[in-house]
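Colleague: I'm new to this one and would like a walk through it. Could you put it on screen, and I'll ask as we go?

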Amino acid sequence: MLFSLTYSCQTLLSSFSYLKHNRLSRIKCGGPEVPLLTPEPRGNAYHIERGLEFSTGDAFFRQESATGRDLGVLAASLHKKDNGSLRVLDALCGCGIRSLRYLAEAEADFVAANDGNESYESTIVENLSRVSEIEEKRWVVTHLEANRVMMDYYLQKSFFDFIDVDSFGSDSSFLRSAICTLKLGGLLYVTSTDGFSSGGHRPHHSLAAYGAYVRPMPYSNEVGLRMLIGGAAREAALLGYHIIPLFSYYAFHGPVFRVLLRLNRGKIHDSRHYGYIGYCHKCGNSHEFSWDQLGQMSCSCSMPEVSKSLVVSGPLWTGPLHDAAYLMDMLNLAKQWGWIGCDGKDSLEKLIKVMVDESDPKLRFGYIKLDEMSSRAKINSPSLKTLMSALHQKGYAASRSHISTNAIKTNCPMTECIQIAKELLQFSTT
Ligand SMILES: C[S@@+](CC[C@H](N)C(=O)[O-])C[C@H]1O[C@@H](n2cnc3c(N)ncnc32)[C@H](O)[C@@H]1O
Ligand SMILES: [Zn+2]
């Protein structure tokens with residue numbers, strides 16, 4: 001074995017309810033119709049995701065990550081539709097569920113499924129054989145260290161349209177080899193599960209991993225996404241490229257920070273979207289600081305003194321988290337596939353729509369938690385809907401956050417938000 005793996009999470013497996021082997025061969029709840037080959041049952045544990053049956057064997061698998069997989073498959077399929085071909089590298093594939101879905105749903109021409117654990121081989125092969133026989137050469141299974149497999153392909157000049165890096169922790173060490181192995185215009189779908197770093201509890205660790213010194217902030221889960229995008233932006237710049245985030249997704253379980261980035265040719269010399277963010281504990285306002293403001297960071301509540309109450313994190317990505325037009329294309333595809341309207345209250349439709357709202361270019365980084373606002377104002381908070389419409393009436397941009405349900409993304413400072421909330425309260429009591 002070339003590396004040490006973290007298997008503590010495997011204990012989670014025992015809490016999942018496995019479905020008995022049920023040889024389904026068509027898609028339930030929509031999805032592109034794909035002929036599925038059904039190998040003989042092996043007395044193994046089986047799951048069904050978007051109508052596709054697969055075995056998890058002994059591999060690490062989380063049912064809760066299905067939304068992250070849905071988003072990846074939609075993006076991969078759009079890439080195939082736009083470019084006519086799709087080569088996918090699933091660098092840490094576990095049981096191979098993503099590879100299976102890229103083959104079956106996104107109609108990938110070729111998928112390289114890799115997982116460092118050799119004992120998953122028969123499970124991965126069994127799963128992929130459901131879509132296409134091994135002889136058809138639409139997929140290959142390897143068991144190399146993820147950096148090794150990516151660099152091997154790079155050295156062979158065998159590049160990919162879509163690379164999925166579904167790692168544990170803050171595995172930023174995969175970023176460079178993934179970027180090297182991606183085609184220009186290709187899509188990189190990367191993960192961090194490092195909630196300690198995004199929460200500002202390990203600033204020296206986040207500095208080493210992503211080049212960002214991260215301090216505790218009320219919107220730390222958004223900071224986690226920005227830290228990851230910033231780390232990828234830095235690696236891309238080093239290689240002479242730049243990245244554009246197409247969507248950014250935070251999920252509570254894990255926690256999981258996932259971003260889909262498009263790799264483009266050329267460095268961007270304007271560092272507008274790569275800088276510092278500050279949060280003032282005294283007044284609750286947030287500030288963005290550019291590189292030429294280094295040494296002059298202060299909050300207006302304590303001017304002209306140095307603001308001891310100001311905590312600063314960065315450098316990290318301060319630009320848009322998503323591309324609204326791209327998200328709409330994903331939503332339309334999800335509708336076409338019949339994925340909309342069949343998944344209850346935490347639906348994919350709701351998630352993508354909130355992400356679209358979050359893409360308003362007038363919105364800044366972070367969000368205002370209503371609990372924090374009401375405790376600063378010493379009032380009961382108005383409802384999220386009421387406050388949002390008051391903010392809109394005052395000309396501010398405001399949207400829900402897909403990260404925190406009781407929070408508002410807005411370009412209105414906390415101090416002004418408190419005033420508006422107090423006015424609403426007076427109005428409601430008179
Ligand atoms: C989060 S799991 C992958 C889950 C899978 N993508 C899914 O959606 O179900 C991470 C996987 O990476 C593998 N792994 C961990 N470190 C690795 C490394 N350095 N190189 C290759 N595989 C690795 C583990 O064996 C594990 O299966
Ligand atoms: Zn302040």
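Colleague: Let's start with strand β2: which residues point the one way and which the other, and are they buried or exposed?

Modeller: Before that, a word on the source: this is a predicted model, where local features need pLDDT of at least 70, side-chain atom pairs count only at pLDDT 80 or more, and totals for chains, interfaces and linings use all residues. Residues are numbered from 1 along each chain as its sequence is written, while chains are lettered from A and ligands numbered from 1 in the order in which they are written. Strands are DSSP runs of E with at least two residues, helices are runs of H or I with at least four, and both are numbered from the N terminus. In β2 (residues 52-55), L52 and F54 point one way, E53 and S55 the other, and all are buried (20 or more other C-beta atoms within 10 Å of the residue's own, with C-beta atoms placed from the backbone; 12 or fewer is exposed, in between is partly exposed).

Colleague: Zooming out, how many helices and strands does the protein have?

Modeller: There are 430 residues, and 46% of them count as buried. Their secondary structure comes to 13 helices and 15 strands.

Colleague: Which strands stand at the edges of the seven-stranded sheet?

Modeller: That sheet is open, with mixed pairing and the order β5-β4-β3-β6-β7-β9-β8. The strands at its edges have a single partner each, so one side of each has no neighbour in the sheet: they are β5 (139-142) and β8 (241-251).

Colleague: And β6, what is the hand of the crossover from there to β7?

Modeller: Strand β6 (residues 160-165) is mostly covered, with six of its six residues buried. Its pairing with β3 (residues 87-90) is parallel over three bridges, and its pairing with β7 (residues 182-192) is parallel too, over five bridges. From β6 the chain passes through helix α5 (residues 175-181) to β7, and this β-α-β crossover is right-handed (clockwise from the first strand over the helix to the second, with the strands pointing away from the viewer).

Colleague: What about the three-stranded sheet: at what angle does helix α8 run to β12?

Modeller: This open sheet is antiparallel, in the order β11-β10-β12. Its edge strands, β11 (286-289) and β12 (310-317), each pair on one side only. Angles here run from 0 to 180 degrees between N-to-C directions, with axes as lines fitted to C-alpha atoms, for helices over the stretch in contact. Helix α8 (residues 220-238) lies across β10 and β12, and its angle to β12 is about 45°.

Colleague: In β11, what is the bridge partner of Y279?

Modeller: Strands β10 (residues 274-280) and β11 run antiparallel, joined by four bridges. Within that pairing, Y279 has as its partner S286.

Colleague: Back to helices: at roughly what angle do α1 and α2 cross?

Modeller: R69, G72, V73 and A76 of α1 meet I97, R98, R101 and Y102 of α2, where a contact is a pair of C-beta atoms, placed from the backbone, within 7 Å. The axes of α1 (residues 66-83) and α2 (residues 97-104) come within 9 Å, and the crossing angle is roughly 35°.

Colleague: Last one: why does M330 count as buried?

Modeller: M330 sits in helix α9 (residues 324-336). Leaving aside residues up to four places away in sequence, M330 touches L74, A75, L78 and I352. L78 is 252 residues away in sequence, yet the C-alpha to C-alpha distance is 7.4 Å. M330 counts as buried because the number of other C-beta atoms within 10 Å is 25.

Notes. Two residues are in contact if their C-beta atoms, placed from the backbone, lie within 7 Å. Two strands pair if DSSP finds at least two bridges between them.
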